[in-house]
Every structure is written in structure tokens, then in C-alpha cells.
Amino acid sequence: MQRFLREPLLQFLVLGAALFAAYHGTSARSSRQDSLVVTEGQIEHLTTGFTRSWRRPPTADELRDLIRNYVREEVYYREAKEMGLDRDDPVIRRRLQQKLEFVSEDIAAQKEPSDAELEALLQAEPERFRTGQSFTFRHVYLNPERHRGDLTRIAASLLDQLTDGAAAADTAAVGDRFLLATSFEAISRSEAAKLFGGSFADCLSQLGLQKWQGPVKSGYGVHLVFLEERVDGRIPALDEAREALLGEWKERQRSKASEQFYRKLLSRYSVTVEAGHRIEIAPDNPPAALR
């Protein structure tokens, strides 16, 4: 039986029958005259889309082509839907789900929170909005490739010179050429780690202030560092964290609205999962964002 089902002739006949059925269905509908109206609003929409893309309004010929293409698309869309070609297509199903989710989320996004709501969020999760450490420092770079076998001695000698010359030393004129800046002001710990590496940022958290120290290793080589200021992380005030709080609040509102909308739709259905699977489709305990 399996060999029979794999026969090319049988597969050809099945495919031909399917095409014949689709054609027959289309022919049967050919006597039906559906109404397709291109409204002024649709024409304006087509014109606006063209203008945004080309930065000019369409000519008369271009507008006619836009309308012809719209009619062609609408005809194909209606006929494809009539034939059921939109069913069981995962791409179409996912796109329709996304569009419906966007509708529910957009409604939630229109609401603006009060200062009291933002303050409540900040007090409920202060660590989430804590500012990180920041550093203000200067450094002198030594390229290991240029000082093979002598790097430790040169670093120690240069450190003595910088210490004797006090903090006002011109770091741009000392040491080896460095691709990045030789001084940084109020740079965050995360940015320092991104530029120099995590171990370098860790050292900045431990160095003393207002003196030359080193060598400190980075992804480039070694550095002598003068740490002018280190600001530890802290819980910000409402106005400082407003932008981050607003983004988080709106994201939670969108998530909450989407879940509530889904639960309301789900209540219209009696869901049965076969094959013995026990699954809670809508759990009694919603995510924290919904409470």
C-alpha cells in the first residue's frame, strides 16, 4: 500500500483533481457578480503611501496604476479567501494574531501614567532602576608589542615619573599612541567594560582616588590610571528615572491589556486538548505584570 501511495502517477492524479476542483469552484462562482468599490478614502490612502515613498504626489498615470494594482490585489485576496487558501497557513495565522494583539496593546499605550503610579513602580522595584557606577579618569597606555620583555620595568619607571609630576601630567604626550581617548568623564561602568574589558572596569571600582596607579590590564595592553572621581550606583529620584519608568510602565500596561483581551476572547471558547494532555490554557495565577 505504501509503495502504491508513492507512485508518481497517483500523486499526479491527486494534484490534478485538486486543481480541477479549485477551477470548478472558480467557474461556478464566475456567474456571481461581487461589488468592489474603490472609495475616495482608499484612493487617498494610496496617494499618501506613494507620496511618503517618493516624496512627491503621483502623476495621473501613476495613480491609475496604483488603483489598478489595488483592484488586482483585492480580487486575488477575495478569491483566495473564498477558496480557503488562508486556512491552516502558519504565516497568515501568525500575522492575524499579531494584528489583533497590536490593536489591544495600542489602546493601552494611549494612557499616560501619573507621577504617583511611576513613584509606586520605583518604590516597588528600586533595584531595577538603580544607576550604575561611573568613573572620571585619565590613563597612559603602554603597548605590550612595543615593549616585549621590558614592559614591567618601563611601567614602573613611568609610574614614578607621573607620581613625581603630580596629577597635571599631559597624558597625551606620555606613553604609546592609543586609538581611544586618554581621558573619560563620568563614564558608566558598563561603557568602561565595553571599551576596555570587564577586568579593567572591575579595577576602576577598587582603585584609590587622586593618584596614579597601575599597571591595569585591558584588552589593549596595560594602563597607568589616575582616577579623579568614582560615583557609586544609587536609587535615582523620580525625575531622574522618569524615562526608564515610563517605558517600563507602558510595556507592562501593553502586556496586561493584551493578556486581558486574550482572556476575554478565550472565555467564548470551550477548549479541549486531546491525547491525554493536561494543560491549563488560562492559569488561575496570572503573571506578576498582571496583578
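1. Arg-56 is partly exposed, at a relative accessible area of 34%. The classes work as follows: buried is under 20% relative accessible area, exposed is over 50%, and partly exposed lies in between (1.4 Å probe, protein chains only). Glu-62 is also partly exposed, at 23%. The side chains of Arg-56 and Glu-62 meet in a salt bridge, 2.9 Å from N to O. A salt bridge here is a side-chain nitrogen of Lys or Arg within 4 Å of a carboxyl oxygen of Asp or Glu.

2. On provenance: this is a predicted model, local features need pLDDT of at least 70, side-chain atom pairs count only at pLDDT 80 or more, and totals for chains, interfaces and linings use all residues. Residues are numbered from 1 along each chain as its sequence is written, and side-chain values use heavy atoms, with hydrogens and water left out.

3. How many salt bridges does the rule give? The count comes to 19. Side chains of opposite charge can pair when their charged atoms come close.

4. Helix H10 spans residues 238-266 and has a kink of about 40 degrees, centred on Ala-244. The bend at a residue is the angle between axes fitted to the seven residues ending there and the seven starting there. Helices (H or I, at least four residues) and strands (E, at least two) are DSSP runs, numbered from the N terminus. Buried residues of H10 include Leu-238, Ala-241, Leu-245 and Trp-249. Glu-248 and Lys-250 are also among the buried residues of H10.

5. Arg-242 pairs with Asp-239, the closest N and O atoms being 2.8 Å apart. The two lie three residues apart in H10, about one turn of the helix. Arg-242 is partly exposed at 28%. Asp-239 counts as exposed because its relative accessibility is 62%. Salt bridges with shared partners also join Glu-125, Arg-128, Glu-248 and Arg-252 into one network.

6. Now the strands. S1 (residues 134-142) and S4 (residues 222-231) run antiparallel, joined by nine bridges. Two strands pair if DSSP finds at least two bridges between them. Arg-138 has Phe-226 of S4 as its bridge partner. S3 (residues 212-217) also pairs with S4 in the antiparallel sense, over four bridges. Here Val-216 is partnered by His-223 of S4. S3 and S4 form a hairpin, with four residues between them.

7. A polar atom of the Thr-136 side chain lies 2.9 Å from the backbone nitrogen of Ala-186. Leaving out residues up to four places away in sequence, Thr-136 touches Phe-184, Glu-185, Ala-186, Phe-226, Leu-227, Glu-228 and Glu-229. Contact means heavy atoms within 4.5 Å.

8. Gln-213 lies in strand S3. Gln-213 counts as buried because its relative accessibility is 13%. The Gln-213 side chain reaches the backbone oxygen of Lys-211 at 3.3 Å. A polar contact is a pair of N or O atoms within 3.5 Å; within protein, one must be able to donate a hydrogen and the other to accept it, and residues adjacent in sequence count only if both atoms are side-chain atoms. Beyond its neighbours within four places in sequence, Gln-213 is in contact with residues including Leu-159, Leu-207, His-223 and Val-225.
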